[in-house]
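Trainee: Could we go through this one together? I'd like to know what stands behind each label we use.

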Amino acid sequence: NVTADKFLKVASVSGSGTTGIGQLSFADAGGGAYNLLSTTNVTSGVSEVDFTSVFDGTYKNYLMQITNSHPYSDDVKLNMRVFTSAGIQTGTSYKFATYGRRATGNDLSGNGDGNNLIELCPQSHGSLAYESQSYEILIYEPSGTAFHTDFQIRATGRNAAAQFVATSGGGSFTETTAITGLRFFFGSGNIDSGTFKLYGIS
């Protein structure tokens, strides 16, 4: 039967070459290179979104997608911290550097060295009904213990002045400790809405 919101995949093959016969089946989105591991849909105010015990070495790298994050408070930034086996890390073991441009033509930049969080975008969020920001965050080998864990960050959306912005950059957790999860939160006020999806990359 035809199923909405699914992809077709080849479930099995009999024979070979040009005479091979394939059996198709429907599969969830995220198969292939990107394997959906966890989803959080925020529909009412929460102080933070946590993904705990999600990095266990099954995949080397991961992708976090945040779609249309929207704050309760105006003029606030979305931030990230990490979990380790010791819990949430709030010390000064974070670095970040971001840059971008407003549609109006102004350059943007943000940085932190020895911070207690990673700012995901140098521009604050707007809280009007149509204002949101979306992100893609690549997480490089969070289960590793030889190197610091780095993140690549991209963001698009509207700032507190309703201007469109696009930014790129990265961050780092500067300890050789395995990361087990992530926390997202605004500088003040709740996360009113947004979809948070974590993928393992094959």
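Mentor: Let's begin with pairing: two strands pair if DSSP finds at least two bridges between them, and strands (E, at least two residues) are DSSP runs numbered from the N terminus. Bear in mind that this is a predicted model, where local features need pLDDT of at least 70, side-chain atom pairs count only at pLDDT 80 or more, and totals for chains, interfaces and linings use all residues. Residues are numbered from 1 along each chain as its sequence is written, and side-chain values use heavy atoms, with hydrogens and water left out.

Trainee: What makes β8 and β13 a pair?

Mentor: The cut-off is at least two bridges, and β8 and strand β13 (residues 164-173) have 9, in the antiparallel sense. One of the residues involved is Phe 96, whose bridge partner in β13 is Gly 171.

Trainee: Where do β8 and β13 sit in the sheet order?

Mentor: The order is β3-β15-β5-β11-β12-β13-β8-β9, an open sheet of 8 strands with antiparallel pairing. From one strand to the next, the twist averages 15 degrees; that angle is taken between N-to-C directions, from 0 to 180 degrees, with axes as lines fitted to C-alpha atoms.

Trainee: Why are β3 and β9 said to stand at the edges?

Mentor: Each has a single partner strand, so one side of β3 (34-42) and one side of β9 are left without a neighbour in the sheet.

Trainee: Why is Thr 98 called buried?

Mentor: Buried means under 20% relative accessible area, exposed over 50%, and partly exposed in between (1.4 Å probe, protein chains only). Thr 98 comes in at 4%, so the label is buried. This residue is in strand β8. Beyond its neighbours within four places in sequence, Thr 98 has contacts (heavy atoms within 4.5 Å) that include Leu 108, Glu 119, Pro 122 and Gly 169.

Trainee: How do you know that the rings of Tyr 94 and Phe 173 make a tilted pair?

Mentor: Rings of Phe, Tyr and Trp (its six-membered ring) pair if their centres lie within 6.5 Å; planes under 30 degrees apart are stacked, over 60 edge-to-face, and the rest tilted. Here the centres are 5.5 Å apart and the planes at 50 degrees, so the pair is tilted. With Tyr 94 in strand β8 and Phe 173 in strand β13, the pair ties together parts 79 residues apart in sequence. Both residues are buried.

Trainee: What makes Asp 50 and Arg 183 a salt bridge?

Mentor: The term calls for a side-chain nitrogen of Lys or Arg within 4 Å of a carboxyl oxygen of Asp or Glu. In this pair the closest N and O atoms are 2.7 Å apart. Asp 50 is in strand β4 (residues 49-51) and Arg 183 in strand β14 (residues 181-186), so the bridge ties together parts 133 residues apart. At 30% Asp 50 is partly exposed, while Arg 183 at 17% is buried.

Trainee: And how do you know that Asp 113 and Lys 95 qualify?

Mentor: Their closest N and O atoms are 2.2 Å apart, and the limit is 4 Å. Asp 113, at 60%, is exposed, whereas Lys 95, at 36%, is partly exposed.

Trainee: How many salt bridges turn up in the whole structure?

Mentor: The search finds 6. Among them is Arg 154 with Glu 136, at 2.5 Å from N to O.

How values were computed:
Helix = DSSP H or I, 4+ residues; strand = E, 2+ residues; numbered from the N terminus.
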